[in-house]
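Please look over the sequence and the structure shown here before turning to the report.

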Amino acid sequence: QKTNVTKSTMAIIFGRPKYPSSPEGGSSYSITLPVERMRLIAYFFFVTLVGFASILFNTLVLPSIEAGAPDGTPTEEMGCGPFNRDVDHSIMKEFGLHFGDGFNLATSHLTELFGFTNVCVLWDYTPAREIVAMYFPLFEYSLAGYVMLDLIYVTLSHKRGEIPDWYYSVVKIVSPFTILLIAWFRMIFVMIAYTDPEEHSLAFLGMQIALFSVVIMNSLFVILSGQSYPSIGLTKGTTTKLAYAYLICNVVVSSIKMGATLYIVQNTYSPDWYKFPFPMFGWCRGEALDRVWMFFNAVLPIFISYVRMSNEKPMTITFSVPTPTYEGNQKTSETTGLVN
């Protein structure tokens, strides 16, 4: 006579719970939020990042770079760090600086390369660069999180038949690359503007492409899904016209901006027309383009995301796991066979 015994158990056995359990149980957890709120949070962190960087620049950086190389700096080290320009030895000669000379915003590296200073100059120099780099992930992760949530939102809309197959296919392809470019924007803190302007500008170009893709996908979603906003008096027709106008204007502005940034990546300096005078505000043409680009990609989106957040139905995300097996609850099966 032969007996075969087979025991079937889970890989992990938990001890029996010793603490009070939640009334709703612990098998699932749900989060409800408007998707556009995450986008608004991302822009909040960007605006506060710029404000924080401005304070750091004016209090910690500007006095240091205006003073030039510290007293007692050896001659061979006068051109180290941001004081690396010399009219006789470096490619940057416009302001007639020598190794170790101090400078300000009007004579900064970006001004010499591009003809003006953009917002990036606020975190180009130490210690603002290192401190802002620690704050930056709040913007980076929230914007990347928004792109991921928007992909889920679009997926559900596609399942309901609200958008065409081709749009859903494009979003599935574009979204991962957008998230990657958002993450790579951190390279602006690694590739220092005054030593590696080409690589520094390349990281900025990646963020321009990422923001541009968000604008295109969002605008097309509003148009294709036939949205209207009765609470603020926007009919379907008016909403579609506004979305098309915003999309077309941004395509024109961003295309010129990205083309100019690509030129900088390839040639270190900006295109010649960047430094030509602009007829208003005392700007050069590059500065005017930069301000218009910022308006379309960092200012208007705040209002657009707020309107959409205030009117859209929130999305609920549910996380669930099976209840584990506890001590004493294991299932054991026995099979007995008799052999004569």
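What follows takes up a helix, salt bridges, cysteines, a surface patch and some backbone details in turn.

## Basis of the report

The model is predicted, and local features therefore need a pLDDT of at least 70 and side-chain atom pairs count only at pLDDT 80 or more, whereas totals for chains, interfaces and linings use all residues. Residues are numbered from 1 along each chain as its sequence is written, and side-chain values use heavy atoms, with hydrogens and water left out.

## Helix α1

Helix α1 covers residues 35-67, where helices (H or I, at least four residues) and strands (E, at least two) are DSSP runs numbered from the N terminus. Its 33 residues reach 47 Å from the first C-alpha to the last, close to the expected 48 Å at 1.5 Å a residue, the expectation being 1.5 Å times one less than the number of residues.

The helix α1 bends by about 45° at valine 61, and proline 63 follows within four residues; the bend is the angle between axes fitted to the seven residues ending at a residue and the seven starting there. After α1 comes glycine 68, with a positive phi near 80°.

## Salt bridges

Side chains of opposite charge can pair when their charged atoms come close. A search of the whole structure finds seven salt bridges, each defined as a side-chain nitrogen of Lys or Arg within 4 Å of a carboxyl oxygen of Asp or Glu. One of them joins arginine 308 to glutamate 36, at 3.3 Å from N to O. This pair links distant parts of the chain, since arginine 308 lies in helix α7 (residues 285-311) and glutamate 36 in helix α1, 272 residues apart. Arginine 308 is buried at 5% relative accessibility, and glutamate 36 is buried at 1%, where buried means under 20% relative accessible area, exposed over 50% and partly exposed in between (1.4 Å probe, protein chains only). Glu36 and Arg308 also belong, with Arg39, to a network of salt bridges.

Aspartate 290 and lysine 257 form another salt bridge, with their closest N and O atoms 2.9 Å apart. This pair, too, links distant parts of the chain, with aspartate 290 in helix α7 and lysine 257 in helix α6 (residues 236-267), 33 residues apart. Aspartate 290 is buried, with a relative accessible area of 6%, and lysine 257 is buried, with 2%. In the salt bridge between glutamate 162 and arginine 160, the closest N and O atoms are 2.7 Å apart; here glutamate 162 is partly exposed at 33%, while arginine 160 is exposed at 51%.

## Cysteines

A disulfide is a covalent bond between the sulfur atoms of two cysteines. A search of the whole structure finds zero disulfides, the criterion being a pair of cysteine sulfur atoms within 2.5 Å. For cysteine 120, the closest cysteine sulfur is that of cysteine 284, which at 15 Å is too far for a bond. Cysteine 120 is buried, with a relative accessible area of 5%, whereas cysteine 249 is partly exposed, with 36%.

## A nonpolar surface patch

Tyr244, Ile248, Val252, Ile256, Trp273 and Phe276 form a nonpolar patch on the surface, with about 560 Å² of accessible area together. Patches are made of residues with over 30% relative accessible area and no salt bridge, like charges being joined within 9 Å and nonpolar side chains (Val, Leu, Ile, Met, Phe, Trp, Tyr) within 5 Å; accessible areas come from the Shrake-Rupley method with a 1.4 Å probe, and for residues only the protein chains shown count as cover. Phenylalanine 276 is in the loop between α6 and α7 and is partly exposed at 40% relative accessibility.

## Loops and backbone details

The loop between α6 and α7 also holds threonine 268, which has a positive phi of about 75° although it is not a glycine, and which is buried at 11% relative accessibility. Phenylalanine 281 is found in the loop between α6 and α7 as well; its phi is positive, near 65°, in a residue other than glycine, and phenylalanine 281 is exposed at 59%.

The peptide bond from threonine 126 to proline 127 is cis, with omega near 5°, and proline 127 lies in the loop between α2 (109-114) and α3 (128-159). Isoleucine 232, in the loop between α5 (197-224) and α6, is partly exposed at 45% relative accessibility. The C-alpha atoms of isoleucine 232 and arginine 37 are separated by 18 Å, with the two residues 195 apart along the chain.
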